[in-house]
Amino acid sequence: MTQGIGAGGILGVAFETVSGTFVAPTKFIPFESESLKFQQDTQWRRPIRNTPGLVGAVPGNVHIEGDLSLESLADCVVYFLLASRHTVTKTGATAPYTYLFTPSPGAFPAKTLSIAVKRGDEIFGYTGCVVSSFTFNIDNGILKFSATITGADEAKVTTALTPVWPTTTPFGAGMFAIEIPTATQVYDSDNFEFQAEHNGTPQYRLRSGGKRGAMFVAFGETNTTLKVDRDFDTRADYDAFKSLTAQSITLKAVNGLDEINIIMGAAIKDTYEINIGGQGDLVRASINYNGVNDAAGNPYTISVKTGESLTVV
């Protein structure tokens, strides 16, 4: 009887010098779950030749896809945001450094990632990885981050992973300020979920040498959404939903010198649900927002302050 591999793993990332060429990890990420996989579009042959069975298979295009979930450590999140659809500016001569991420109309990220994952005793490498969508949410008082990864191909990793783990700590209860509208802090929300969907799609091109992986990943439309649950107090906010009034919304997370600020400059309510769950319950409002371009042409901005010093271009 064969024995299974025990639980445990290591995940590391590195920025690629040449997109699609594997680079050994320079940053190790504590994570909660991952589902990265090699996606192969095999072409199964069934020509008409007097047999109902399959005749064989022809190699098709391949790419990488999957999700990562982690605590929203500022020095880890900045790596994934640099591999998403943003223009990035970095300020600060010494730590902590501030990275301002502004959505870009361009089709490509500032950086692509090589990702190495050790599962049990085996190491898997993925190249040309970009973040095609990401989510910040508060779960039981802790700020979490999840990313949908789309990549080019798999690479063989021959060297062992020797992690050096971050010493930063998560953003937890008592470290958040939700402002609706911006500059007006509210204290009646117990749920916050922000998502930016950039619709990354692998791009295949005809090549030789047995290369089947995507040449690159291009972004499509951008959709920005926000979900909050609030105490329903008066009809004022509900009437703003009916009239499609735009609001600026800010989430500030501060943990010592580390900060993450998410700003939607012009958020318009898409749905507004009010219900009574039972006798004696609070009347609560569940609100979904869509982000539209503000006066500067941005559906949102994200600033991250961290001691991690990275080259952004």
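Why is helix α1 (residues 74-82) largely enclosed by the rest of the structure?

**Figure 1. Helix α1 and its buried residues.** Helix α1 is largely enclosed because nine of its nine residues are buried, where buried means under 20% relative accessible area, exposed over 50% and partly exposed in between, with a 1.4 Å probe and protein chains only. The buried residues are A74, D75, C76, V77, V78, Y79, F80, L81 and L82. This is a predicted model, in which local features need pLDDT of at least 70 and side-chain atom pairs count only at pLDDT 80 or more, while totals for chains, interfaces and linings use all residues. Residues are numbered from 1 along each chain as its sequence is written, and side-chain values use heavy atoms, with hydrogens and water left out.

Figure 2. Taking contact to mean heavy atoms within 4.5 Å, 68% of the contacts between residues at least 6 apart in sequence join residues at least 24 apart.

Figure 3. Leaving aside neighbours within four places in sequence, I115 is in contact with L11, G12, V13, F22, L36, F124, G125, Y126, C129 and I149. From C-alpha to C-alpha, I115 and V312 are 18 Å apart in space, although 197 residues separate them in sequence.

**Figure 4. The aromatic pair of F134 and Y300.** Rings of Phe, Tyr and Trp (its six-membered ring) pair if their centres lie within 6.5 Å, and planes under 30 degrees apart count as stacked, over 60 as edge-to-face and the rest as tilted; by this rule the count comes to 14 aromatic pairs. The pair of F134 and Y300 is edge-to-face, with 6.4 Å centre to centre and 75° between the planes. F134 lies in strand β11 (residues 122-139) and Y300 in the loop between β22 (284-291) and β23 (301-306), so the pair ties together parts that are 166 residues apart in sequence. Both F134 and Y300 are buried, and ring pairs link F80, F134, F136, F145, F194 and Y300 into a cluster.

**Figure 5. T135 in strand β11.** T135 is found in strand β11 and is buried, with a relative accessible area of 10%. Not counting residues up to four places away in sequence, T135 touches K144, F145, S146, E193, F194 and Q195. Of these, S146 is eleven residues from T135 in sequence and 5.2 Å away in space, C-alpha to C-alpha.

**Figure 6. Lysine charges over aromatic rings.** A charge sits over a ring if NZ of Lys or CZ of Arg is within 6 Å of the ring centre and within 35 degrees of the ring normal. The charged end of K90 sits over the ring of Y97, 4.7 Å from its centre, and that of K111 sits over the ring of F15, 5.5 Å from its centre.

**Figure 7. D188 in a loop between two strands.** D188 is located in the loop between β15 (185-186) and β16 (189-197), and is buried, with a relative accessible area of 17%. Apart from neighbours within four places in sequence, D188 is in contact with D229, R230, D231 and R284.

Terms used
Helices (H or I, at least four residues) and strands (E, at least two) are DSSP runs, numbered from the N terminus.
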